[in-house]
Amino acid sequence: MSLEFRLDAGEHVKRAVRKHWFVLILELLPFAFIAIVPLLIPALLDFVAGESGTAVRILEMLTFENGWVRLFMGLWWLILWIAAFSTFTSYYLNEWIITSRRIVEITQHGFFSREVSSALLNHVQDVTTDVHGLFPTLLGYGVLTVQSAGTNEYFHMHGVPHPQELRDIIMHEISALHPTRTDMKL
Amino acid sequence: MDDVLPEEKRMGVEMPFMPEITSAYDLASIVFTLAFILWALFTIISVYHWMRYGRNSWIAAPAIALHLFVSAALMLFATSGFK
């Protein structure tokens, strides 16, 4: 695994996560709906204008036999494909990495804008999970919020799969970094 | 009549830095060329990001291949109505 940041000596990657696949589907669905909108125009025109001569002439032109209709639809779908592929690229290049010492958030804000921020686990004050709604509950994804002490900074991981499991990993790593007083006496 | 424009002057509108548009095919060519330039720019930028940040992932090459394939299919469809 090649990382965009350097691991310290003895630091290991525990988990790398992206948003749940269903979140990606939800983000892509609007493109699918917008793609079929022009196909509804002839039916809508037929419904509104009925048997009028002008409407019939326009409807006769609005077929895939017409080169201009093909050009418009082809370019319309091409633009939507570009937008959808851009959404997928953004989905894939956004990532959270939990190591044995820190949490790294990699955020791709569109093209040519990439942010990599870290929160040390020994500064973590609170880890909260929120699974809210029908699909998140059924499919097991939600929000993981990590509050970092001192800087009062929050890490929000929206739409991550199995947030409780991630919270357990983080808490386990924190406890490994902070031995209990009993351990210290031993 | 003297005031009638010669045939070659009436064929099309000539504008500086603009190709001569004499038919619907010419206009379609210009529209498609502009769309292709935008697509090519997006593709170069997108591939750059995949190669820089996601090249170690198994999904990078199939994602780029899918983008090229779908784009090519849509561009062929868009131009297929003009012969």
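Among contacts in chain A (C-beta atoms, placed from the backbone, within 7 Å) between residues at least 6 apart in sequence, 56% join residues at least 24 apart. The model is predicted, so local features need pLDDT of at least 70 and side-chain atom pairs count only at pLDDT 80 or more, while totals for chains, interfaces and linings use all residues. Residues are numbered from 1 along each chain as its sequence is written, and chains are lettered from A and ligands numbered from 1 in the order in which they are written.

Chain A holds 7 helices and 7 strands, counted as DSSP runs (H or I, at least four residues, for helices; E, at least two, for strands) numbered from the N terminus. From that end, the elements follow the order β-α-α-α-α-β-β-β-β-α-β-β-α-α. The C-alpha atoms of chain A fill a box of roughly 95 × 35 × 25 Å along the principal axes.

Turning to the helix pair, the axes of α4 (residues 67–93) of chain A and α3 (residues 60–79) of chain B come within 7 Å and cross at roughly 165 degrees; axes are lines fitted to C-alpha atoms over the stretch in contact, with angles from 0 to 180 degrees between N-to-C directions. α4(A) is therefore roughly antiparallel to α3(B), a label for angles over 145 degrees. Residues making the contact include A:L71, A:W77, A:L78 and A:F85 of α4(A), together with B:V70, B:L74 and B:F77 of α3(B).

Conventions:
Angles under 35 degrees count as roughly parallel, over 145 as roughly antiparallel, 65 to 115 as roughly perpendicular and the rest as oblique. Two residues are in contact if their C-beta atoms, placed from the backbone, lie within 7 Å.
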